[in-house]
Amino acid sequence: MTELVLTRHFAAPRTAVWAAFCEPEIIAQWWGPAGWGIKESSVVLEPKVGGRHELVMYQHQDPTQEVPLKATITEFDEYTCLVSADGPHEMTLDLVIHTRIDLKEFAGQTIVTLTQGPLPREVLASSTAAWESAFDKLTGLLGQFF
């Protein structure tokens, strides 16, 4: 098993980046890799420990291909940290996958560090590529405003 750690700088204030992780209508605009979308009506984020963090991704070329996220928030510190646990179920390879998003503001930019695991080594490259692609979409979205 291994852990994915990814850091990205966004040219936007921390409050805007935080909103992109917590506001359902914004999440639906960027979450998931290129070629995938989010059913906006499926997005639920209850911003509190024990709250739900749910959504359904679908493949643009074949909308019948779906990937659900049904996580529970395990840590929540507004504008700073969001942690959730998803699983165990088939989509998480029967593991409980923890996803941690840490945000820090520096010189008008926001530094996001995503930590996710445990992950089997054989999915690390594809998971990293998926998050990189999603963060590219988020960069584009934030670039429309900042």
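Ala 107 lies in the loop between S7 and S8. Its phi is positive, about 55°, although Ala 107 is not a glycine. Ala 107 is exposed, with a relative accessible area of 71%. The model discussed here is a predicted one. A positive phi also occurs at Tyr 79, near 70°, again in a residue other than glycine. Tyr 79 sits in the loop between S5 and S6. With a relative accessible area of 34%, Tyr 79 is partly exposed, because that value falls between the 20% and 50% cut-offs.

Two cis peptide bonds can be described next. One joins Gly 87 and Pro 88, with omega at about 5°. Pro 88 belongs to the loop between S6 and S7. Another runs from Gly 117 to Pro 118, with omega near 0°. Pro 118 is found within strand S8.

The overall fold comprises three helices and eight strands. From the N terminus on, the order of elements is β-α-α-β-β-β-β-β-β-β-α. The C-alpha trace spans about 40 × 30 × 30 Å along its principal axes. For 146 residues, a compact globule would have a radius of gyration near 15 Å; the protein has 14 Å, so the two agree. Buried residues account for 43% of the 146 residues. Of the contacts between residues at least 6 apart in sequence, 48% join residues at least 24 apart.

An unreviewed UniProt entry annotates residues 12-142 as "domain: Activator of Hsp90 ATPase homologue 1/2-like C-terminal". The end C-alpha atoms of this span lie 7 Å apart. Its content is 29% helix and 40% strand.

The surface was also searched for pockets. The largest pocket has a volume of about 780 Å³. Its lining consists of 30 residues. Met 57, Val 67, Gln 116, Ser 127 and Trp 131 lie nearest the pocket centre. By class, the lining holds 21 nonpolar, eight polar and one charged residues. Several elements each supply at least two lining residues: strands S4 (52-59), S5 (66-77), S6 (81-86), S7 (97-106) and S8 (109-119), together with helix H3 (121-143). Helix H3 provides the largest share, six residues.

Definitions and conventions: Residues numbered from 1 in each chain as written. Predicted model: local features only at pLDDT ≥ 70, side-chain atom pairs only at ≥ 80, totals over all residues. Heavy atoms only, no water. 1 Å grid on protein atoms, 1.4 Å probe; cavity = no way out; pocket = protein on both sides within 12 Å on 5 of 7 lines; lining within 4 Å. Points joined across faces, edges and corners; volume = space filled by probe spheres on them. Helix = DSSP H or I, 4+ residues; strand = E, 2+ residues; numbered from the N terminus. Nonpolar A, V, L, I, M, F, W, Y, C, P; charged D, E, K, R; others polar. UniProt positions renumbered as here; feature names shortened; annotations may be inferred. Rg over C-alpha atoms; globule rule 2.2 N^0.38 Å. Buried < 20%, exposed > 50% of the residue type's maximum accessible area, 1.4 Å probe, protein only. Contact = heavy atoms within 4.5 Å.
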